[in-house]
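Please keep the sequence and the model in view while going through the sections.

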Amino acid sequence: MRVIKQKPMTLGERLYIFEAIRGLWTTLKHAARGLFCYDSLPTISYPEGQPEVRNTYRAKHRLMLRPDGTPRCVACGMCAAACPAHCIFIEATQSDDPRIEKRVMRFDIDHLTCVFCGLCVEACPVDALRMDTKVISLEHRTRDEFVSSLFDLTNWNPADYPDDKQSQMAPGGTLNKQALETWGMEVK
Ligand code: SF4
Ligand code: SF4
């Protein structure tokens, strides 16, 4: 057993008034810093300010795009089958491209139900789904707004993923022209 000896209080500490003033002074210093030197505070104005996270953090989803701007998703349903929260809703239709059997017509993710486990990303056989958006807090006014649609999931900017080759092949990316030529695709 470890015994910690208490240091006896000095006369000033036993009078309490000086310690109370010292505590008040510390409180006032922090209050003044918040009022006049707000930017120097080690805090962020959440939710307007967001914490910086790595792109390996499991954040809001996005659907990857082919060089012609169509979703890479082939509507196989593997992600929906793997999802433990049953919050992915997919509807497929026939693809116009003879090389691809199906394309996705509806792709909704209910982010109120999602537990951000990442199993859907792991299950995808064509690397069509990722959780690297760094968007880790979602604020909306209605429950419906938490459901991310196909438009929302495909509405991302390649400039936000400068080091990712796949993202740069999408429309607006630095490798898009090259990828269109390689894949023999036209912009849709
Ligand atoms: S992260 Fe997990 S819970 Fe969320 S959609 Fe993907 S599989 Fe479902
Ligand atoms: S697993 Fe991938 S390709 Fe299959 S439906 Fe999901 S996102 Fe689309």
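## Burial and overall form

How many of the 188 residues of the protein chain count as buried, expressed as a percentage? In this model, which is a predicted one, the share that counts as buried is 18% of the 188 residues of the protein chain.

The secondary structure of the protein chain consists of 7 helices and 5 strands, and these elements follow one another from the N terminus in the order α-α-β-α-β-β-α-β-β-α-α-α. The radius of gyration of the protein chain is 26 Å, well over the 16 Å that the globule rule gives for 188 residues, so the chain is more spread out than a compact globule. Along its principal axes, the C-alpha trace spans about 90 × 40 × 40 Å.

## Domains and contacts

The protein chain is divided into two parts, with domain 1 covering residues 11-39 and domain 2 covering residues 62-183. Between the C-alpha centres of domain 1 and domain 2 there is a distance of 52 Å. When contacts between residues at least 6 apart in sequence are considered, 65% of them join residues that are at least 24 apart.

Which strands make up the open sheet, and in what order do they lie? The sheet has 3 strands in the order 2-3-5, and the pairing is antiparallel. Strand 2 (88-94) and strand 5 (147-148) are at the edges, where each has a single partner strand, so one side of each is left without a neighbour in the sheet.

Strand 3, which comprises residues 102-110, is joined to strand 5 by 2 bridges, and the two strands run antiparallel. Within this pairing, Asp110 has Val147 of strand 5 as its bridge partner. Gln94 belongs to strand 2, and this residue is exposed, because 10 other C-beta atoms lie within 10 Å and a count of 12 or fewer is classed that way. The C-alpha atoms of Gln94 and Met105 are separated by 9.1 Å, although the two residues are 11 residues apart along the chain.

## Surroundings of the two ligands

Around ligand 1 there are 14 residues, of which Cys83, Ala85, Cys114, Cys117 and Cys120 come nearest. The shell around ligand 1 is made up of 13 nonpolar residues and 1 polar residue, with no charged residues.

Ligand 2 is surrounded by 13 residues, and the closest are Cys73, Cys76, Met78, Cys79 and Cys124. By class, 12 residues of the shell around ligand 2 are nonpolar and 1 is polar, while no charged residues are found there.

## Two residues with positive phi

Most residues other than glycine have a negative phi. Against that background, Ala75 has a phi near 55 degrees, which is a positive value in a residue other than glycine. Ala75 lies in the loop that runs between strand 1 (62-63) and helix 3 (78-82). Is Ala75 buried or exposed? With 21 other C-beta atoms within 10 Å, Ala75 is buried, because the cut-off for that class is 20 or more.

Phe116 likewise has a phi near 55 degrees, a positive value in a residue other than glycine. The position of Phe116 is in the loop between strand 3 and helix 4 (119-123). Phe116 has 13 C-beta neighbours inside 10 Å, so this residue counts as partly exposed.

Methods: Residues numbered from 1 in each chain as written. Chains lettered and ligands numbered in written order. Predicted model: local features only at pLDDT ≥ 70, side-chain atom pairs only at ≥ 80, totals over all residues. Near = placed C-beta within 6 Å. Nonpolar A, V, L, I, M, F, W, Y, C, P; charged D, E, K, R; others polar. Domains from an automatic or database assignment. Helix = DSSP H or I, 4+ residues; strand = E, 2+ residues; numbered from the N terminus. Rg over C-alpha atoms; globule rule 2.2 N^0.38 Å. Contact = placed C-beta atoms within 7 Å. Pairing = 2+ DSSP bridges.
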